[in-house]
Amino acid sequence: MTPENVGVVGAGSWGTALARLLGNKKHRVKLWAHRRKHAEKMNRDRENKAYLPGYPIGENVEVSSDLAEVVHGSKFLILAVPSHFFRSVFQKVVYLLEEEDNQLPILVSAVKGIEEKSLMTMSQVMSEELTGGSKKAEIVVLTGPSFAREVAAETPTAVSVASTNMRGAEAVQDLFVTPFFRLYRSGDLVGQELGAALKNVIAIATGIADGLGYGTNTRAALITRGLAEISRLGVKMGADPLTFSGLGGLGDLILTCTGDLSRNRTVGLKLGRGEKLKEILAEMDMVAEGVKTTRSAYDLAHRQDVEMPILTQVYKILYEDKPCRNAVISLMAREQKEE
């Protein structure tokens, strides 16, 4: 593939891993870091020692704290900032977007979450802000089972790219594909984004169970019934049920619920061991998206009138300080029913 100009917005572990992958493919990459000192240090060290230590970034990756410098001239723009900052950052991106050869860059969301208050997915936020700015661009979502550190280590990984425009999805496939990074196209934006966001909630639940000392029976039950909850909400919102048996559904769910690199599972583990949420989050350098997503998903489930018992109990643990063991009792004592 011909080298492209690519902007990556967000210099956390995931944004850095994606920028590194693209730079190693000889694309010309500009990576935006929110803090000037962070950008300067990355350029000096040629490594993100704060969030992705041990994985050098190549000479094709330039780090900048100037968002305009990253946005201007990019044919592809990858968004990799936490979901609760997404809209405020994207509003600045929309203001800076300029047409190159009579078209805007392809916009790729690599963010897994649901916005608080609006309860929108990231592609919906993008569509709303683009419309408000009287601009139109192709939107693609990159999701699936992919820990940043393993992608940086070039561990064989398969993910999904979803878009209502298959040309955009195909272009992103070509942009990213390597012998260790494989991408599958999907036309189900809603299903892919809901699967990506809600699996973090179930990962907190499985972490809690592990922290309480329960076994693999419990973990298997939570993953399976968690997938059922995610699918119910997704189908109610127009998703293809088959999406949830794929990489963006079951694949991402298994990874996040069982992997030692999962920040959301780690939050659950510590909660199950008796630590308080405020203290857990204060000790973390990176964002565990599932904590904020739990509140958004809880509100979304109520809005859609969809029963989600595991989500409900995680919400009560996080936001009503319900004891973890009591939450398990509440789940197990529910009325018997068909699967």
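## T178 and its surroundings

Not counting residues up to four places away in sequence, T178 touches L21 and K25. In this predicted model, T178 sits in the loop between α7 and β8 (181-186), and the residue is classed as buried because its relative accessible area is 13%, below the cut-off of 20%. A polar atom of the T178 side chain lies 3.0 Å from the backbone nitrogen of F181.

T164 is exposed, with a relative accessible area of 71%. Computed along the chain in residues, T164 and A327 are 163 apart, and their C-alpha atoms are 39 Å apart in space.

## Helix α2 and its two sides

Helix α2 spans residues 36-45, and within the helix H38, A39 and M42 are buried. Seen down the axis of α2, these buried residues fall within an arc of 100°, and they therefore line one face of the helix. The other side of α2 carries the exposed residues K37 and R44.

The buried residues of α2 pack against α1 (13-24), β2 (28-32) and β3 (61-64). Just after the helix, R46 takes a positive phi of about 55°.

What does the side chain of R87 make a polar contact with? The partner is the side chain of E115, at 2.8 Å.

Leaving aside neighbours within four places in sequence, R87 is in contact with E115, S118, M120, V125, E128 and E129.

## Helix α11

In α11, seven of the 10 residues are buried, so the helix is largely enclosed by the rest of the structure. The buried residues are N264, R265, V267, G268, L269, L271 and G272. Just after α11, G274 takes a positive phi of about 100°.

Most residues other than glycine have a negative phi. K26 has a positive phi of about 75° although it is not a glycine; K26 is placed in the loop between α1 and β2, where the residue is exposed, with a relative accessible area of 55%.

K117 likewise is not a glycine and has a positive phi, of about 70°. The loop between β5 (106-109) and α5 (122-132) is where K117 is found, and K117 is exposed, with a relative accessible area of 82%.

## The largest pocket

Rolling a probe the size of a water molecule over the atoms shows where empty space is left. The largest pocket has a volume of about 1,300 Å³. Its lining is made by 47 residues, of which G12, S13, R263, M286 and V287 lie nearest the centre of the pocket. The elements that give two or more residues to this lining are α1, α4 (83-96), α6 (148-152), α8 (189-211), α10 (247-258) and α11 (263-272).

How do the residues of the lining of the largest pocket divide into nonpolar, polar and charged? The division is 21 nonpolar, 14 polar and 12 charged.

## The second largest pocket

The second largest pocket has a volume of about 690 Å³, and 26 residues line it, of which R225, I310, L331, M332 and R334 lie nearest its centre. The elements that give two or more residues to the lining of this pocket are α8, α9 (216-236), α14 (309-319) and α15 (324-332).

Which element gives the most to the lining of the second largest pocket? That element is α9, with six residues. By residue class, the lining of the second largest pocket divides into 14 nonpolar, three polar and nine charged.

How values were computed: Residues are numbered from 1 along each chain as its sequence is written. This is a predicted model: local features need pLDDT of at least 70, side-chain atom pairs count only at pLDDT 80 or more; totals for chains, interfaces and linings use all residues. Side-chain values use heavy atoms; hydrogens and water are left out. Buried means under 20% relative accessible area, exposed over 50%, partly exposed in between (1.4 Å probe, protein chains only). Helices (H or I, at least four residues) and strands (E, at least two) are DSSP runs, numbered from the N terminus. The arc is that of the directions from the helix axis to the C-beta atoms. Contact means heavy atoms within 4.5 Å. On a 1 Å grid over the protein atoms alone, a cavity is a set of points where a 1.4 Å probe fits but cannot get out, and a pocket is an open set with protein on both sides within 12 Å along at least five of seven lines; lining residues have an atom within 4 Å of a point. Grid points are joined across faces, edges and corners, and a volume is the space filled by probe spheres set on the points. Ala, Val, Leu, Ile, Met, Phe, Trp, Tyr, Cys and Pro count as nonpolar, Asp, Glu, Lys and Arg as charged, and the others, Gly among them, as polar. A polar contact is a pair of N or O atoms within 3.5 Å; within protein, one must be able to donate a hydrogen and the other to accept it, and residues adjacent in sequence count only if both atoms are side-chain atoms.
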